[in-house]
Amino acid sequence: MVEEICNTCGLPKSLCVCVEIDKETQKIKISVVRTRFKKFLTTISGLDEKEKLKELEKTLKRKLACGGTVKDGVIVLQGNHSKKVKEVLLQQGYKEGLIEGA
Ligand SMILES: [Zn+2]
C-alpha cells in the first residue's frame, strides 16, 4: 500500500506538518471585489482572532468612514480601501510580511 503524499511538501501525509506550518504563517489577505451592482467591496480574510474581528471591523469603519460587516470570519467593507486597510492593519500591530494583497 502506498502512502498518500502531500502536494505541498512532498512528504508522506504521516510526516507532513503543512497544516501546522500554515497556522503559524497564516496570512491576512486583502481583496477587492466588485459586486454585480458595480460597487466595490474590500474583504479582509485570514484573521483567526475571532473575538478581535468585530473590534477591528469597528476600527476600520471608523478610520475609513465606510460601512462594513463581519461575515464568516471575513471583514467586508464597502468601497475600495485596499491601501488604507493595509495602513490600518499595520497601525494595529499586524506584521507587514503577513499581509497579502492590496
Ligand atoms: Zn505537507
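Q: Asp 72 first: buried or exposed?
A: Asp 72 counts as exposed, because it has 6 C-beta neighbours inside 10 Å. The cut-offs: buried means 20 or more other C-beta atoms within 10 Å of the residue's own, exposed means 12 or fewer, and partly exposed is in between; C-beta atoms are placed from the backbone.

Q: Is this predicted or what, and how is the numbering done?
A: This is a predicted model: local features need pLDDT of at least 70, side-chain atom pairs count only at pLDDT 80 or more, and totals for chains, interfaces and linings use all residues. Residues are numbered from 1 along each chain as its sequence is written.

Q: Where is Asp 72?
A: Asp 72 is in the loop between strand 3 and strand 4 (74-78). Helices (H or I, at least four residues) and strands (E, at least two) are DSSP runs, numbered from the N terminus.

Q: What about its phi?
A: Phi of Asp 72 is positive, about 50°, although Asp 72 is not a glycine.

Q: And Ala 65, where is that?
A: Ala 65 is in the loop between helix 2 (50-64) and strand 3 (68-71). Its phi is positive too, near 50°. Ala 65 counts as exposed, with 8 C-beta neighbours inside 10 Å.

Q: New topic. How many bridges join strand 1 to strand 2?
A: 6 bridges join strand 1 (residues 28-34) to strand 2 (residues 40-45), and the two run antiparallel. Strands pair if DSSP finds at least two bridges between them.

Q: Which residue stands opposite Arg 34?
A: Phe 40 in strand 2.
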